[in-house]
Amino acid sequence: DIYFSRFKALPKIFQHDPCPDTGIIVVIPCLDDDFIFRTLESLEKAVQPKCKTEVIVIVNSGENTPQNAIENNRKIYIKLEQNAATYKSFHLLPHLIENTPKKIAGVGFARKTGMDEAVRRFNALNKPSGIIVSLDSDCLIEKDYFCEISNYFVKYSDSDACTVQFKHDFDEYLYSGDIISACTLYEIYLRYFRLSLQYCGYPNSLHTIGSCFCVTAQSYIKAGGMSKRQGGEDFYFLHKLALMTKIGTIDSKALVFPSPRISYRVPFGTGKAVSKIISENKYTVYNFKLFEILKQFYNNAENFYVQGKYVRSLIPEDIIECMDQELLKSHIDDCLKNTNNVNSFLRRFFAKFDAFFIVRFLNSFDQNSDFPPVDVCIAASQLLQKYNVNKTGGNVQKIYQEIFKLDFKLD
């Protein structure tokens, strides 16, 4: 109730209350995507947990959405409504949103709309520990998807959120060789980036993929709800949440299989990356040496507390040159002033120098810098060597296999 009084949200969508045994609500944004029916079929075939499950599908469009997409949205929504009763494993709740102002129209707004409604429904049941699951309309899931999620929150009762391991759907009968090859490079990058964050000492290294995370209703509102961003809303939400609560990982195996297809709907993500890789016939990513610079900085975090003051020599020159030195000093002074032991200092330090700080630093190095972007396979190979994985050479499939295994093993 306090959440809805403080933060803007749409009015209540579904007037009937959920079944009292509802423990999981899946939220799926959908824009002009007939694949949603395959996603729902995959959910229908999954082994059901002990609790009841709901699936909210937000079929959405904005004031600038092409007319053909709007018309297909309406067809999808009508079909969802007509077929809702045919799904026996879960209660399907479709909702249609049209003409959303262009300033906020997009996947972030749609995801927030569905997740806010999930909060309302758990609030009606007085279930702050109700699990909200974020999925996308182009995904297939493993049969024990729901059981793994449910069991995780039982086993780790101190965790209010988790990410879910994934593997893009490389089905050769559905997707061309070019798309699969391009998406393989993109997935190497996703795992390279998370593992590099872990390597450099950042404590909240996690996959931020819209179709691969779960959060309790109570934790969702503590973070202020989902961002309305038109892309990257998952990154902003999860890294904000990571500063407030522990985010675990369900990593026993891949449970979500996102589509590798090309898409132009969002400025980030798989579809955009795959399109770019195919058109440019290459894929460059953050230079691994930048993560080694960050590692020097994070390794010195405790030394600031020991010294009891801002010490310029503890910060690598490349960070000082790219970031405002006065801001660096003020952040560290603030950490020292407002903490009285090393553990609280480090928590505050990593809240100041968080994932957003890292991305700003990484993005300050372009092709003309000392550490320009490099081929994704070169970067991944350098990372693998740091983790004592055998040299993989330039073989893309070998690199993919090794970095995939490493991403699971380290968690």
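These questions and answers walk through rings, charges, cavities and loops in a predicted model.

Reader: How many aromatic pairs does a search of the whole structure find?
Author: A pair of aromatic rings is described by the distance of the centres and the angle of the planes. The search covers the whole structure, and its count of aromatic pairs is 42.

Reader: Is the pair of Tyr220 and Phe237 stacked, edge-to-face or tilted?
Author: The ring centres of Tyr220 and Phe237 lie 5.6 Å apart, with 45 degrees between the planes. Stacked needs under 30 degrees and edge-to-face over 60. The pair of Tyr220 and Phe237 is therefore tilted.

Reader: How many residues apart in sequence are the parts that Tyr220 and Phe237 tie together?
Author: Tyr220 belongs to helix H7, residues 217-222. Phe237 belongs to helix H8, residues 233-242. The pair therefore ties together parts whose separation in sequence, in residues, is 17.

Reader: Are Tyr220 and Phe237 buried or exposed?
Author: Buried means under 20% relative accessible area. Tyr220 has 0% relative accessibility, and Phe237 has 2%. So Tyr220 and Phe237 both count as buried.

Reader: Which helices hold Tyr298 and Phe350?
Author: The rings of Tyr298 and Phe350 also form a tilted pair, with centres 5.3 Å apart and planes at 40 degrees. This pair links distant parts of the chain, 52 residues apart. Tyr298 and Phe350 are both buried. Tyr298 sits in helix H10 (residues 288-299) and Phe350 in helix H14 (residues 342-352).

Reader: Which residues do ring pairs link into a cluster?
Author: The cluster is made of Tyr and Phe residues joined by ring pairs. Its members are Tyr186, Tyr189, Tyr192, Phe193, Tyr199, Tyr283, Tyr286, Phe288, Phe291 and Tyr387.

Reader: Which ring does the charged end of Arg191 sit over?
Author: A charge over a ring is found at Lys79, whose charged end is 4.4 Å from the centre of the Phe37 ring. For Arg191, the distance to the ring centre is 4.2 Å. The ring under Arg191 is that of Phe166.

Reader: Which helix gives the most to the lining of the largest cavity?
Author: The count comes to two cavities of 30 Å³ or more. The largest cavity holds about 60 Å³ of space. Two elements give two or more residues to its lining: helix H13 (325-337) and helix H15 (355-363). The most, three residues, comes from H13.

Reader: How many charged residues are in the lining of the largest cavity?
Author: The lining includes Asp324, Lys352 and Arg360. By class, this lining has five nonpolar residues and one polar residue. The number of charged residues is three.

Reader: Which residues does Lys12 touch, not counting those up to four places away in sequence?
Author: Lys12 lies in the loop between helix H1 (2-6) and strand E1 (22-30). Its relative accessible area is 37%, so Lys12 is partly exposed. Lys12 touches Asp17, Glu117 and Arg120.

Reader: Where is Asn126 found?
Author: Most residues other than glycine have a negative phi. Asn126 is not a glycine, yet its phi is positive, about 55 degrees. At a relative accessible area of 66%, Asn126 is exposed. Asn126 is in the loop between helix H4 (107-124) and strand E4 (131-134).

Reader: Is Asn388 buried or exposed?
Author: Asn388 lies in the loop between helix H16 (376-386) and helix H17 (396-409). Its phi is positive too, near 60 degrees. The relative accessibility of Asn388 is 71%, so Asn388 counts as exposed.

Notes. Residues numbered from 1 in each chain as written. Predicted model: local features only at pLDDT ≥ 70, side-chain atom pairs only at ≥ 80, totals over all residues. Heavy atoms only, no water. Phe/Tyr/Trp six-rings, centres within 6.5 Å; stacked < 30°, edge-to-face > 60°. Helix = DSSP H or I, 4+ residues; strand = E, 2+ residues; numbered from the N terminus. Buried < 20%, exposed > 50% of the residue type's maximum accessible area, 1.4 Å probe, protein only. Lys NZ or Arg CZ within 6 Å of the ring centre and 35° of its normal. 1 Å grid on protein atoms, 1.4 Å probe; cavity = no way out; pocket = protein on both sides within 12 Å on 5 of 7 lines; lining within 4 Å. Points joined across faces, edges and corners; volume = space filled by probe spheres on them. Nonpolar A, V, L, I, M, F, W, Y, C, P; charged D, E, K, R; others polar. Contact = heavy atoms within 4.5 Å.
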